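Open the model in a viewer and keep the selection tool at hand. The stops below go from ring contacts to a pocket.

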Amino acid sequence: MKTNKMIKTKTREQLEDLCLDLLSKTYIELGQHNVDAETKVIMAQSLAEDLSKTYKNFYFQDAVNAFRLGVRSPHNKDFIHLNVPTYMKWLRSHKDLIWDARAKVDAGADPKTVPHFRPEPKLLK
């Protein structure tokens, strides 16, 4: 399933499937191998709900990038337990990176040299 479309264009089922894949990968990357399937499904439903309400203009790839950076963040010296506050912090941080990149490009920076810059989606006519 493609992740380069805006979250608001996905059906709830598509979004939950993508979230389940993302969370499963994240649990593995965090070394949390003992998470049961029911917990993963409930977390995927929660993440899908948060993305569709709060981050509907994100591309799903933005969420993937937020999780990737969150897991690898040097600020997390303590054990991380994947939960809603953790992933919401990751998503907010990534949104800030995207907005900062947009501001730099709007101020005249070359988009090719600005990390985390992504062009705005084209509007359908």
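**Aromatic pairs**

The structure holds three aromatic pairs; rings of Phe, Tyr and Trp (its six-membered ring) pair if their centres lie within 6.5 Å, and planes under 30 degrees apart count as stacked, over 60 as edge-to-face and the rest as tilted. Select Phe-67 and Tyr-87: the ring centres are 6.1 Å apart and the planes stand at 25°, so this pair is stacked. The pair links distant parts of the chain, with Phe-67 in helix H3 (residues 60–71) and Tyr-87 in helix H4, 20 residues apart. Helices here are DSSP runs (H or I, at least four residues), numbered from the N terminus.

Trp-90 lies in helix H4 and Phe-67 in helix H3, so the pair ties together parts that are 23 residues apart in sequence. With Tyr-87 shown as well, Phe-67, Tyr-87 and Trp-90 form one aromatic cluster.

Now colour by accessibility; buried means under 20% relative accessible area (1.4 Å probe, protein chains only). Phe-67 counts as buried because its relative accessibility is 1%. Tyr-87, at 0%, counts as buried, and so does Trp-90, at 4%.

**A charge over a ring**

Next select Lys-95 and Trp-99. The charged end of Lys-95 sits over the ring of Trp-99, 4.6 Å from its centre; the criterion is NZ of Lys or CZ of Arg within 6 Å of the ring centre and within 35 degrees of the ring normal.

**The second largest pocket**

The second largest pocket has a volume of about 230 Å³. Of the 14 residues lining this pocket, the closest to its centre are Asn-57, Phe-58, Lys-95, Trp-99 and Arg-118. On a 1 Å grid over the protein atoms alone, a pocket is an open set of points where a 1.4 Å probe fits, with protein on both sides within 12 Å along at least five of seven lines; lining residues have an atom within 4 Å of a point.

By class, the lining divides into six nonpolar, two polar and six charged residues.

**Reading the values**

This is a predicted model: local features need pLDDT of at least 70, side-chain atom pairs count only at pLDDT 80 or more, and totals for chains, interfaces and linings use all residues. Residues are numbered from 1 along each chain as its sequence is written, and side-chain values use heavy atoms, with hydrogens and water left out.

Note on methods:
Grid points are joined across faces, edges and corners, and a volume is the space filled by probe spheres set on the points. Ala, Val, Leu, Ile, Met, Phe, Trp, Tyr, Cys and Pro count as nonpolar, Asp, Glu, Lys and Arg as charged, and the others, Gly among them, as polar. Helices (H or I, at least four residues) and strands (E, at least two) are DSSP runs, numbered from the N terminus. Buried means under 20% relative accessible area, exposed over 50%, partly exposed in between (1.4 Å probe, protein chains only).
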